[in-house]
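Hi,

Here is the structure I promised to send over. Have a look at it first, and my notes follow below.

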Amino acid sequence: LEGGGRDEVPRRCCQYLGRAVARWREGIHRGVSFAPMPLRLEIKKKLSARSDRVKCVDLHPTEPWVLSALYSGNVYLWDTDTSSLVKSWEVCDLPVRSCKFISRRSQVICASDDMRLRIYNYNTMEKVKEIEAHADYIRYIEIHPSQALVLSSSDDMSIKLWNWEQNWECTFSFEGHSHYVMMTRFNCKDTNTFASASLDRSIKVWGIGAHQPHFSLEGHERGVNCIDYYSGGDKPYLLSGADDKTIKIWDYQTKACIQTLEGHSNNVCSVLFHPRLPVLVSASEDGTVRVWHATTYRAETTLNYGLERAWSIAVAKESNGLAIGYDEGTVLIKLGQDAPVASLDTHTGKLVWANNNDVLSASLKGTFRGIQDGEHVPLAARDMGSCEVYPQTVQHNCNGRFLVVCGDGEYIIYTSQALRNKSYGHALDFAWSAVGTGDYAVRESLSRVKIFKNFKEYKTIKCPIPASEEIFGGSCLAVRGSDCVCFFEWSEGTFLCKIDVLPISVHWNDTQELVILTCSDQAHVLKFDREAVDSALAGGSASLEQGVPTAFEPVHEVSDNIVAGQWVGDCFIYTNAAGRLNYLVGGNSMTICHLDSGPLFMLGYLAKENRIILMDRSRNVVSYGVLLAVLQYQTAVVRKDFDAANALLPAIPETELSSVARFLESQGYKEVALQVSRDSDHKFELALELQQIDTARELLDELQTNNFESTEQHTKWKRLGDLALAACDLRLAVRCAKNAMDMPGLLMLYSAAGDREGMKWLAEASIIQGQMNVAFVAYFILGHVEDCLELLLKLGRVPEAALLARTYLPSQISRTVEVWRQDLQQVSDRAASALADPQTYPNLFPDLEWAFKVEEIFMTNRNKHLPASSYERVLSECWYVNGSPSYCCATGEARSRS
């Protein structure tokens with residue numbers, strides 16, 4: 001320590017030093033090699049877009065957008081989720097060397113070789129402002145993290161400070177470099193200072209409002225192109241890259257260069273410290289992007305996508321994305337996992353998470369009072385200390401007493417309360433047993449998986465696969481290979497079964513009877529037969545090749561992309577890639593809610609609080625309520641333990657009974673669902689499916705006063721009427737048709753039943769409802785032909801009215817013809833004059849006198865109705881003419897052939 005005594009050394013540092021010395025001595029004694037393990041960093045390409053040379057890239061802090069500034073003078077906005085071009089616009093004819101999001105104002109600022117700054121609204125594409133900023137090319141733009149300030153650096157060797165709240169006025173100018181100023185960067189720990197990189201081989205640190213730099217850092221042999229500040233809390237570091245092909249790490253407090261990284265074969269154009277991962281990244285004109293370990297400064301990986309020179313790289317604070325700008329396009333890769341490094345002890349409600357190397361904890365007990373679903377849960381975080389390895393996974397054991405932290409190819413087991421070291425070792429993967437407190441397994445290499453009992457090495461298992469790629473804990477140890485997953489028994493490492501799927505995760509329920517293997521696009525639920533396994537192991541019938549073939553039995557397949565989940569009884573609660581929070585029970589998936597607030601990662605379910613706990617990328621905790629009583633009831637139903645289910649039902653609130661009823665329906669228990677449901681619509685549907693007509697009618701009667709005139713209610717009455725008609729309940733069918741305003745249906749029912757009064761009501765009601773065709777038929781069946789005539793005239797159907805009068809009402813022919821003539825005159829006088837009136841041209845209407853007599857007899861006798869019982873008698877009295885009956889129903893006399 002500089003200028004400090006022994007008393008100033010923190011106690012924690014002494015503990016770590018002693019722990020490290022103990023580990024070193026024990027390792028030397030055991031012959032362990034302490035060569036550094038490579039950082040396990042998953043790298044996945046998410047976007048690859050070809051374009052002209054890209055001079056600058058930037059990532060939006062919240063939207064899935066990448067901004068690319070092109071040498072051609074255009075700016076492209078890419079969507080990383082769809083790999084599509086969202087927007088593009090031309091800034092000028094000269095190269096655009098820098099562009100940045102100003103997300104607080106929904107704007108983009110661009111700097112081009114015409115020495116101007118241009119600001120655009122990226123929603124409307126409107127140019128907000130254009131500024132003549134410098135006397136030479138503008139190299140870089142830097143946005144202040146909190147204030148309304150922007151820095152621009154230029155080949156005119158100056159740096160200018162702009163304030164957008166003062167109409168983009170230049171409030172300060174900084175001069176002191178003797179060559180082009182290539183880049184500036186605000187200090188994220190002290191935002192009143194910033195650093196600048198110049199081709200004069202120096203890095204200068206400035207204060208906002210100071211005319212002279214605070215100090216300069218010199219050490220590069222050629223011009224400095226790029227810089228970045230370390231955002232972590234424990235290192236005052238500044239990163240720089242230069243044309244001497246090197247990268248330097250500076251301590252800006254001591255003003256000393258603490259490390260020089262070599263490896264690029266051409267100029268280093270862009271460098272950065274990753275805000276979430278223990279890496280730093282550099283891009284060079286040699287076409288490569290190198291990833292370095294931020295602690296050991298070891299070169300972890302080199303990326304080369306064959307797009308020629310790499311000019312710019314960018315990251316977002318709350319994302320693992322890395323954007324790269326090349327000569328031939330833009331690439332976005334994902335470094336590591338998006339999920340936060342956290343673990344929830346569901347027994348005690350204690351949450352532990354890692355922020356870089358720091359480990360923090362918080363108790364979730366009693367924190368949900370007044371918290372609505374989806375709201376951030378306030379946490380009283382407690383600093384547990386700093387971990388010796390960079391945490392990539394954190395996981396509690398089966399009873400929550402111990403916590404394992406894995407990273408950098410090592411694992412450390414701590415006590416969960418005070419973060420005291422219990423055990424450690426090398427491991428690519430780690431998996432806890434679901435039974436023993438200190439039982440776990442580690443995968444040391446592709447060919448070696450070891451089982452530990454009570455924190456001591458116990459056995460090395462023999463895998464029937466050439467290489468092991470990952471291991472999973474639980475009731476059995478699962479080892480995934482290149483094309484299958486193998487299960488082993490914990491006590492002796494005996495091989496049990498091989499299943500031809502590639503799971504991403506393995507989850508066991510509390511009773512160790514069910515296990516779900518989640519794959520990339522589906523999941524498999526299996527039932528574990530513990531009795532068959534114990535019997536085979538006791539009898540020695542478990543073979544090395546076949547294991548125990550009856551150990552697992554497939555139960556369900558789930559077509560969903562499961563991200564994370566947990567069993568609660570026989571219910572599996574999970575989040576999927578579509579942003580939904582679901583739960584699976586009895587082979588059926590039901591949605592609890594849609595997670596619209598961005599990617600959320602499920603940590604577990606607290607049964608005592610009835611809450612599902614999730615965390616976002618920023619380590620904010622949110623929760624959603626799911627009653628344990630509901631999950632227990634559904635578990636009992638799936639197990640067909642109906643006595644237990646009936647005992648649990650009274651504990652379920654009224655508000656949850658409808659969802660329980662839908663679950664019962666999905667399981668085939670529709671009668672019980674009808675009794676349980678409190679949703680009238682759902683109960684009506686169930687009553688129809690069960691053909692319980694009286695129940696459905698009672699439900700509609702209850703709703704009749706409120707929603708009688710709604711279209712939905714009409715539809716329900718019609719459906720009930722169809723069911724009543726199928727059951728030959730004509731009285732109920734007529735009532736349903738009336739309530740549904742089903743006029744065609746009533747026409748059929750009234751005509752079939754011979755109900756004259758009903759037919760009269762139908763004719764009048766049909767006119768009110770505007771169903772004139774039904775009204776016409778009803779009047780015609782009743783014999784009210786004069787009403788039919790008036791209806792046709794009212795509707796403007798005059799030609800049809802005239803023909804009706806000629807056939808049934810000859811006394812109305814003249815009147816109808818006159819109306820027809822007046823209507824036709826509007827179209828053609830010649831056609832109107834061609835219409836013949838029987839009063840004027842009686843010779844054109846033969847037998848008209850007979851027609852008048854028949855009309856008179858019809859009007860006199862149309863209300864004398866023959867009962868249906870007289871059908872046989874009337875038929876026997878008919879006279880036949882040419883084989884057809886000729887009979888006057890009004891007089892009972894034979895009709896004259898004329």
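Let's start with helix α7 (residues 680-689), where H682, F684, L686, A687 and L688 are buried. Buried here means under 20% relative accessible area, exposed means over 50%, and partly exposed is in between (1.4 Å probe, protein chains only). Helices (H or I, at least four residues) and strands (E, at least two) are DSSP runs, numbered from the N terminus. At the start of α7, a side-chain oxygen of D679 comes to within 3.1 Å of the backbone nitrogen of D681. That is a polar contact, meaning a pair of N or O atoms within 3.5 Å; within protein, one must be able to donate a hydrogen and the other to accept it, and residues adjacent in sequence count only if both atoms are side-chain atoms. After α7 comes Q691, with a positive phi near 60 degrees.

Before you go further: this is a predicted model, so local features need pLDDT of at least 70 and side-chain atom pairs count only at pLDDT 80 or more, while totals for chains, interfaces and linings use all residues. Residues are numbered from 1 along each chain as its sequence is written, and side-chain values use heavy atoms, with hydrogens and water left out.

On confidence, pLDDT is the predictor's confidence in each residue, from 0 to 100. The chain averages 88, and 93% of the residues score at least 70. Over residues 1-16 the pLDDT is below 50, and that stretch has ten contacts in the model beyond near neighbours in sequence. Contact means heavy atoms within 4.5 Å. Residues 887-898 also stay under 50, with 15 contacts beyond four places in sequence.

Now the loops. N397 sits between β33 (393-396) and β34 (402-407). Is N397 buried or exposed? It is buried, at a relative accessible area of 6%. A polar atom of the N397 side chain lies 3.0 Å from the backbone nitrogen of R401. Leaving out residues up to four places away in sequence, N397 touches F402, W432 and T437.

Two other loop residues have positive phi without being glycine. S83 is near 55 degrees; it belongs to the loop between β4 (74-79) and β5 (84-90), and is partly exposed at 42% relative accessible area. Q512 is at about 60 degrees, in the loop between β45 (505-508) and β46 (514-518).

There is also an open sheet of four strands, ordered β1-β28-β27-β26 with antiparallel pairing. Two strands pair if DSSP finds at least two bridges between them. β1 (43-50) and β26 (310-315) are at the edges with a single partner strand each, so one side of each has no neighbour in the sheet. The twist from one strand to the next averages 20 degrees (axes are lines fitted to C-alpha atoms, for helices over the stretch in contact, and angles run from 0 to 180 degrees between N-to-C directions). Strands β27 (residues 321-326) and β28 (residues 329-335) pair over six bridges, and Y326 stands opposite G329 in β28.

Last, the cysteines. With a disulfide taken as a pair of cysteine sulfur atoms within 2.5 Å, the count is zero. The sulfur of C92 is 9.2 Å from the closest cysteine sulfur, in C110, which is too far for a bond; C92 itself is buried, at 11%. For C188 the closest cysteine sulfur is in C226, 16 Å away and again too far for a bond. C188 is partly exposed, at 40% relative accessibility.

Cheers
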